[in-house]
Structure formats: structure tokens, C-alpha cells
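Please have the viewer open while I talk.

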Amino acid sequence: MRTPRARTAAAACVLLALSAPSAAANSGTGTGTGNIVVAPAVTTRDEPVTVTVHAASCRTGSASSPGFGETRLTPQPDGAGGHATPAVSRDVAPGSYDITVTCDDGRSVTRTAAFTVINGAVRGGEGAADGASTADLVIGGLMVASALIGGGVLWLRGEGREDRPAA
């Protein structure tokens, strides 16, 4: 039988796994040119996005997307790849957009659904609310409450077990 500490640790691991963002979100697909990272992942029209390619062999080249057209990569100062900061086109429709990076040596890599364009303001423009929405607060509160309840149940179930003789 498991000890209360093992159950508590297992419950903590499950809660952490459920609340952590996916690390796979920043991985690129393609032929050995490294990862494509886009920030911010959600943006609006006319806003800049930063495209970074993490591959020493791809310091120069171009990045292209239906969301912003084609732009040249600039080498990163640390020599670990290239980057560009294109502005999202004013006339693109809301939705997810792929980015294809083509290095000067001819290799290319594509990241599908690299960024998402939405209607409205993301960074608190005119008429936009800064901070969390009501739905964000409710969901966060429910997550905290469920973690507290789960931890309390595990703690109460384990209460007094140290005084019992081992069977």
C-alpha cells in the first residue's frame, strides 16, 4: 500500500501536469534547421510578431507566411540562428497561420499554426480590457479550489496513519 506522502506527491504531479503549458508548442517541423519560435503566439492585425529560428546553420534567409508575407532573417548576436520582426498584414482574416523559414543554404522548415490572428485588441488598445476576463478568473478559482479540496482530502485520509502499527 502506498504511503500518504507518495499519494500526495502523485496528486501534485498530476495537478502540475494538467496546469503546465505544452512544451511541444514551440517545436518546428522540417529538415534539421531547428525550431521556429513566434512571439506573441496570439496577435491582431498590424501588430508585429517576432520570428526566431534556433539553428546556427540558419542565421540568414527568409521567413514567409500568408499572415505577413516574406521578410529577411537577421543573424542573432549569439550566432544561434536568425530572427525577424514582421508586422501582421492589415487585411488578413482571423485564424491560424503557418510560417516557413528558408535558409540561404536552401534548407527549409515549416511550423504549422505558428501564430493566431484574432479580431480585437490583445495588448489593451482602445476599448480593450487589460488583465484577466471574468471567465479567466472563474476557471482559475475553480482550479485553485479543486487543488485545495484534493489536498485536504489526501491530508485527512492520511491523518493518524503514523500512529497505527504496520500490518
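Some ground rules before that. This is a predicted model, where local features need pLDDT of at least 70, side-chain atom pairs count only at pLDDT 80 or more, and totals for chains, interfaces and linings use all residues. Residues are numbered from 1 along each chain as its sequence is written, and side-chain values use heavy atoms, with hydrogens and water left out.

Let's start with the sheet. Four strands form an open sheet in the order β2-β4-β8-β7, with antiparallel pairing. Strands here are DSSP runs of E with at least two residues, numbered from the N terminus, and two of them pair if DSSP finds at least two bridges between them. β2 and β7 stand at the edges with a single partner strand each, so one side of each has no neighbour in the sheet. Between β2 and β4 there are five bridges, and Val 37 stands opposite Thr 52 in β4.

Now, which residues touch the most other members of the largest nonpolar core? They are Val 38, Val 51, Cys 58, Leu 73, Ile 99, Val 101 and Phe 115, out of 21 residues in that core. By nonpolar core I mean a set of buried Ala, Val, Leu, Ile, Met, Phe, Trp, Tyr and Cys residues joined through side-chain atoms within 4.5 Å; buried is under 20% relative accessible area, exposed is over 50%, and partly exposed is in between, using a 1.4 Å probe and protein chains only. At least two core residues come from each of β2, β4, β9 and β10.

Next, please find Ser 62, in strand β5. Ser 62 is buried, at 9% relative accessible area. Its side chain makes a polar contact with the side chain of Glu 70 at 3.2 Å; a polar contact is a pair of N or O atoms within 3.5 Å, where within protein one must be able to donate a hydrogen and the other to accept it, and residues adjacent in sequence count only if both atoms are side-chain atoms.

Last, the backbone. Most residues other than glycine have a negative phi, and most peptide bonds are trans. Here, though, a cis peptide bond joins Ala 39 and Pro 40, with omega about -5°. Asp 46 has a positive phi of about 70° and sits in the loop between β3 and β4. Ala 113, in strand β10, has a positive phi near 50°. Asp 46 is partly exposed at 41%, and Ala 113 is partly exposed at 45%.
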